Amino acid sequence: MPNDTIIFASIFGGCALGALLATVLKGKAMRVAWAGFGCLASIAMLALGVGGVFAESARHIPLWTVPHVGPVSFSVDHLSGFFLIVTALVAIPAMIFAAATTSDEKARKTPLAPLSLVLLASVALVILAADVFLFIVAWEVMSILIYLLACGGPKERPGYLMLAVGETGTLAVLVALLLLGSHAGSLSFQAIQASSAGLSATLVEVVFALTFLGFGVKAGLIPLNFWLPEAYTAIPSPIMPFVAGATLNLGLYGIMRSNMYFLPTTFAGPGVCMLLVGAVTALIGILYATIADDFKTLLAHSSIENAGIITTAFGAGMIFLSAGHKAAAAMALIAALYHLLNHSIFKTLLFMGAGTLERSANTRSLDEMGGLLKRMPWTGLFVLVGALSISAMPPFNGFVSEWLTIESLLRSVELSSMGLKMVFVAAGAAIMLTAGLAVTCFVRAFAMSFLGISRSEKAANASETNRAALSTMAAVAVICFVLGVVPTFAIPALDRVVAPVAGASGSTALVPTFFHPDTDKLPKKFTAEFHDLGAQIGKDAIPARGMVVMHRGGKKNPVVFAMSTPYMFVMLVVLLAALVLIVRLATKNRKVSRRPRWDGGVRRFLPEMTYTATGFAQPVRVLFEAIFRPKVSDRRESIAQHFRMSIQRKREEIHLIDRLILYPLAKATKAVAAVFAKMHNGRINAYAVYALLALIIFLAIAAAL
Amino acid sequence: MSDDMMEQIKKLCPKTRVKTDKRSGDVEFLCDRASTPRVCQCLAEDHDFQFAGLVVEERKEWELNYIFSGVTPNGRAVVKTKAPLDDREFESVSVLVHAADWHEREAEDLFGLVFKGHPRLGDFILHDDVWQEGVEPMRRAFKPETALSSREPRDGWRPRKIVDVPGGFIMPIGPVFSGDAESVHFQLETIGEEVMYAFPRLFFKYRGVEKIVEGRSAEDALLLVERFAGTTAFSHALAFSMAVERLAKADIPERAKFLRVFLAELERFRSHLSTINAICASTGLAVGASQTAILEEKALRISGALTGHRYLFGLAALGGLTRDFDKIALHTALDGVADVLDEAGRVENLLVNTSSFLDRLEEVGAIERDQAVLHGLVGPVARASGYLRDLRETQPYAAYDKCGFKSVGEVEGDGYARLRVLFREIERSVEMMKRVVAELPDGPCYSPVSFAKGAAFAGVETPRGAAWHWVRMDKNGKIERCRLATPSFTNWHGFHLAAENFAFQDFPIILATFGLSVAENDR
Amino acid sequence: MSGWIIKGLKSGVVSTHYPDGGENAQGVSPGLPSPAGGVGVDTPIGRCPTSALKAKDGGAALDKFRCVHCHRCDRNVEPTIPWDSSYEWAEKRGKTPELPKAFQRSTHIRVLDAGDCGACLNEMKLLNNPFYNMHRLGFFITPTPRQADLLVVLGPVADHMKTALLKAYEAMPAPKKVMSVGTCSATGGVFEDGFMTSTKLEDIIPVDVVVPGCPPPPLAILHGLLLVTGREDEIRSDATARPAADSSGKEAGDA
């Protein structure tokens with residue numbers, strides 16, 4: 001292990017130097033500095049993270065003592081190690097992608113390179129911070145940097161909205177952490193963690209509510225997620241993959257950190273809350289993603305959906321933990337972490353694709369795309385991989401983690417409380433519906449952009465992006481594939497993060513001992529039968545256990561849920577190859593003649609005559625009209641009262657959260673402000689009465705105390 | 001014609017010259033170009049005249065005849081306006097009388113006339129994406145040998161699109177679609193699921209019948225007139241014959257008049273059964289479709305057995321009919337028709353008790369009465385909307401006045417109302433046929449017609465509504481100009497009224513309940 | 001609902017026996033002039049508006065692809081040309097290879113209206129009704145030429161329909177057959193001289209079978225379908241069915 005100084009110097013010094021050089025340099029040199037120092041910092045983070053995950057215990061690195069605040073320090077434990085790895089895996093390709101796709105003109109207009117490198121450093125700082133002071137400072141730096149990125153666009157609203165909501169969240173988090181700190185008598189995380197057992201139930205509830213609300217803002221959980229689609233759309237495309245892949249996680253990091261370490265794990269309440277909020281967030285997220293026309297907005301809503309899924313799995317884990325089902329808890333937590341990892345990876349890939357589409361086709365509107373696969377075959381392939389991953393299709397990574405999530409939700413049958421079971425059923429149903437809609441959503445996203453014929457001039461003139469950008473996309477796509485085919489490599493590592501908290505090894509739970517022939521706990525005959533499932537055969541064919549298995553029930557009647565992604569992949573390849581071979585052989589002597597498509601005999605089939613993305617989503621719109629509640633107004637124009645010349649339809653869809661929470665809140669605030677405004681009538685005697693009233697109230701309170 | 005109307009028109013256009021035909025009672029108002037629209041509006045809005053057609057003639061001058069049909073037996077009026085041949089600009093009448101819309105578009109396409117104020121000219125009969133600009137086929141100078149349309153559509157041509165909604169698109173249907181549909185192209189403007197507006201792009205089947213008959217004898221023209229719309233051949237042949245007979249001031253034998261009623265009603269009976277069959281099929285009611293198909297085939301066989309032709313081709317003659325029928329044959333046919341009607345009654349009884357069938361018809365494709373009036377809709381479609389116009393009643397021709405015909409209608413204007421009108425009308429048709437057989441006078445059924453120079457027109461209530469045929473003959477007894485204003489042309493114009501904001505799966509049903517013919521429209 | 005079942009059962013079987021035997025119900029065919037010899041028929045020949053009748057060997061000869069059943073040769077004229085009420089009028093053309101056996105007994109048809117007046121199309125549609133029921137013989141109408149083995153074209157080819165016709169023909173997979181139905185698509189019929197209808201179907205795409213008639217009755221089209229699919233040997237009707245005389249008799253289809 002290289003020593004800490006070198007590593008920290010590489011991360012923070014690298015980012016700082018990179019930012020400096022990128023500001024000074026221009027053109028290609030700037031790109032090289034940006035990508036190079038970004039990668040250097042990321043690789044250092046990767047090393048630090050791997051060290052953290054595989055170390056036996058947490059490592060504390062005291063830094064210095066700030067006057068009036070106390071000592072500040074870094075710490076690398078399993079959880080922060082895991083998040084460092086995720087951030088690094090995202091940052092390496094994302095930084096190269098950003099450097100490769102930022103045009104000189106754009107770089108001149110907004111200092112993307114320095115901002116992104118400082119952002120990377122601040123993300124590392126948030127993860128490494130081991131006390132309240134440093135954590136809040138890092139958190140604020142990160143928020144401001146994202147605000148600056150979001151303000152680079154033509155509109156200021158997204159940035160302000162994000163900052164306003166974000167600050168509310170930070171305030172809530174700060175209050176919660178200070179409450180914990182005052183209870184522990186110290187602001188260091190170590191002390192807070194140590195004193196967690198002694199927290200009163202009320203304090204746990206208050207702290208949970210504040211942290212969940214506050215971190216939920218960054219994670220995109222309802223109700224405070226309305227800033228996210230707007231900000232994601234406003235942030236420049238080159239840097240968006242990194243922002244989407246790394247910063248959303250920090251909200252989840254906060255939630256996990258506070259619930260796994262700061263708060264006692266004996267209460268079911270927080271878990272239930274997270275389970276339900278997560279499930280509702282997921283469903284609402286995917287519904288709005290399915291009808292979105294803007295590709296980036298679609299991906300933003302899908303990020304909300306995935307944050308919801310992760311929170312659901314995490315909440316399930318916390319419930320299992322509070323109920324004492326350690327193995328189940330470990331599995332659910334592994335599912336949450338694995339989905340978090342996967343989501344970061346494929347969302348980075350998809351935002352790279354969206355950025356490339358925006359750059360090449362000069363539009364983000366799916367309605368205006370179409371037929372791009374012919375012009376951008378490679379981008380198309382990688383976006384397809386991303387879409388398959390996010391739709392949970394084997395052999396890609398989304399499949400594994402969503403399968404694990406749903407399987408762990410199904411384990412609620414082990415719980416004894418009927419109420420909890422019902423909560424799980426509701427959440428499970430929402431997650432299943434979400435998974436189904438996700439397929440619709442991304443079939444639409446891919447088909448409407450890449451398939452068919454171009455529906456606009458811009459799309460017809462699109463061209464493939466540069467090789468550097470393509471190769472980063474290729475790398476991320478490969479990660480999606482690897483994580484999807486051999487999850488059995490990743491799961492033991494995640495288990496290291498989870499096991500200390502859950503008090504049980506998820507790995508062991510996932511791959512039960514009776515798959516080992518040397519075990520003598522079970523009759524040989526029984527294990528021999530299970531050999532055919534392939535747990536052991538895998539050892540010869542693929543250098544890993546090829547199967548993810550879950551089991552429950554007693555030793556005599558084990559119920560096994562198994563899923564083997566490597567074999568699934570092998571079978572997929574074999575079957576497809578066989579199919580191709582059979583078709584080839586069967587049609588060897590046939591002449592294939594290709595004819596133009598049948599279009600009903602119209603003289604020329606025009607792009608206007610093909611389905612648009614809006615049209616494709618219309619069934620979902622109609623089906624969930626109760627949620628979308630669109631306001632439709634038609635205006636019909638006629639000449640001389642009867643020549644129908646145009647029908648204009650305006651369709652206003654106010655987001656559910658805006659409609660139910662934000663707008664009433666804004667209205668109430670305005671009403672209160674109006675009342676206060678009335679009081680400011682400028683008459684001296686009225687003010688004297690106010691002063692008198694205030695004095696009386698003050699005195700009354702003082703007397704009561 | 002009432003006096004206050006004359007006064008009103010005199011006020012609108014003081015220079016109007018009024019000419020009344022003594023024999024038929026038709027009135028012609030010769031107006032200047034500027035006041036023509038106002039005069040037309042006065043007829044249509046204040047005096048309950050229905051626009052029937054526009055006849056453009058290229059003679060020594062441009063002559064435009066806007067034909068109107070009123071509610072009295074002699075209630076036909078023509079508003080005529082003239083302009084020198086080198087001046088092709090006219091005031092658009094359709095701005096004030098909307099029913100003239102398509103007629104003016106047709107005149108623009110085929111003659112190159114310009115109608116000032118008409119907002120939508122071009123791409124109508126001659127498709128703009130392939131047709132050569134400036135070639136006007138109905139003009140005298142037109143040479144058929146000139147290359148007319150290219151096979152490759154013009155680049156940059158875009159279909160008309162009126163719906164402006166983000167993500168909206170056109171769902172194209174046809175021209176070759178469905179199993180055995182006539183060739184017509186529909187543009188369904190939609191955002192998915194719901195169709196916001198649908199309009200037909202017609203005239204894929206335009207054969208230029210009106211041009212082909214020019215320079216032919218009336219007898220030869222009759223062949224084409226009864227074959228351009230085969231499913232209503234007799235009615236059109238009758239309208240054409242009547243126009244020529246009116247021009248020749250010929251008297252038709254009484255027996256021929258009665259037999260013409262019989263044949264016209266037989267045709268209506270069969271055509272309505274065919275429409276009912278199409279409605280059943282469009283709703284996916286298989287047994288109902290089969291049962292009504294049996295009835296249609298029976299009606300066809302009765303026609304074939306009686307007249308020698310299943311579609312009544314070759315029966316109408318200028319001056320009567322080409323053949324007579326003996327009493328036994330007529331009675332046999334009548335018995336057959338009565339049997340079919342009984343069967344149809346039983347089928348109707350089943351249909352109105354099939355809720356799945358009614359659900360798909362009720363409130364589908366509804367047209368309000370005032371819209372029907374505005375678009376001058378005709379036939380069962382108009383009568384189902386409460387617009388009770390039937391030439392057999394208002395301007396009885398042949399022997400309808402002696403048969404005591406009364407029209408039937410409904411008020412809802414939806415698909416179900418149209419279906420009921422069809423059923424009531426086939427009952428009336430059989431009643432008429434019975435009256436004819438009971439009161440058929442003896443005598444010849446044909447008397448030769450001597451041709452005369454000039455122009456005349458006649459209207460006939462075909463199964464789909466009022467058709468107006470205009471004929472001008474030259475001194476050699478050849479046709480100089482023939483205009484076929486058909487009910488399908490009129491009703492296709494109003495089709496979009498029934499096709500706004502509907503679910504996609506209702507489209508075939510709306511189409512079927514209209515019972516339109518593309519061939520009759522395209523000519 | 002049960003009402004429909006009872007109604008359906010009550011209707012019984014009304015399908016024709018053709019092609020296992022001749023159909024002699026009245027009114028199934030308009031018939032054609034059958035000029036067998038005859039002297040002094042110049043007047044009726046002269047009255048033929050479509051030159052379907054021509055003088056031959058002192059008598060008259062019929063070009064059935066031009067006849068439009070106008071009856072000008074047997075009504076109000078002396079002497080008259082006799083008419084028969086046959087319907088097996090279709091004739092083979094061209095030398096395209098026969099459809100493979102598998103396609104012969106399950107033939108999918110794309111009907112294409114290239115300017116037809118509605119009568120031919122109606123007769124084509126009626127082949128699906130219980131009287132003719134072409135499904136029993138393995139003929140099916142399909143909406144897309146992609147799945148069609150046979151293109152049935154009706155009407156004179158209107159200029160605006162040419163592109164659609166060519167596209168539909170192009171879209172059909174081989175082996176494919178084309179059948180022309182009606183006098184109009186055979187010779188142009190009464191529209192022969194039109195400026196929009198001056199090209200014959202055979203000048204545009206190769207035609208295998210031509211069914212004359214204005215319109216050809218359903219049985220004539222059925223005969224054409226059997227011919228175009230190479231199933232002539234299945235036709236066991238007498239060459240001429242009983243004449244569909246003008247009067248007398250109840251229709252046989254009423255069974």
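Which residue of E8(B) is the bridge partner of Ile647(A)? The legends below describe a predicted model.

**View 1. Strand E6 of chain A pairs with strand E8 of chain B.** The bridge partner of Ile647(A) is Val163(B). The two strands, E6(A) and E8(B) (residues 163-164), run in the parallel sense and share 2 bridges.

**View 2. Chain A meets chain B.** Here 32 residues of chain A touch 44 residues of chain B. Together the two chains bury about 3,200 Å², with 58% of it on carbon and sulfur atoms. Arg603(A), Phe643(A) and Arg649(A) supply 24% of the area on the chain A side, more than any other three residues.

**View 3. Polar and charged links between chain A and chain B.** There are 5 salt bridges. One joins Arg644(A) to Glu500(B), with the closest N and O atoms 2.5 Å apart. Polar contacts link 14 residue pairs. Helix H26 (613-623), strand E5 (631-639) and strand E6 (643-652) of chain A each give two or more residues to this side. E6(A) gives the most, with 7 residues.

**View 4. Chain C meets chain B.** The contact involves 69 residues of chain C and 81 residues of chain B. About 6,100 Å² is buried between them, 59% of it on carbon and sulfur atoms. In chain C, Trp4(C), His160(C) and Phe195(C) lose the most area, together 15% of what that side buries.

**View 5. Polar and charged links between chain C and chain B.** The interface holds 7 salt bridges. Asp220(B) and Arg72(C) form a salt bridge, their closest N and O atoms 3.9 Å apart. Another count gives 28 residue pairs in polar contact. H4(C) gives the most to the chain C side, with 6 residues.

Methods: Residues numbered from 1 in each chain as written. Chains lettered and ligands numbered in written order. Predicted model: local features only at pLDDT ≥ 70, side-chain atom pairs only at ≥ 80, totals over all residues. Heavy atoms only, no water. Contact = heavy atoms within 4.5 Å. Buried area = accessible area lost by both parts, 1.4 Å probe. Salt bridge = Lys/Arg side-chain N within 4 Å of Asp/Glu carboxyl O. Polar contact = N/O pair within 3.5 Å; in protein donor to acceptor, adjacent residues only side chain to side chain. Helix = DSSP H or I, 4+ residues; strand = E, 2+ residues; numbered from the N terminus. Pairing = 2+ DSSP bridges.
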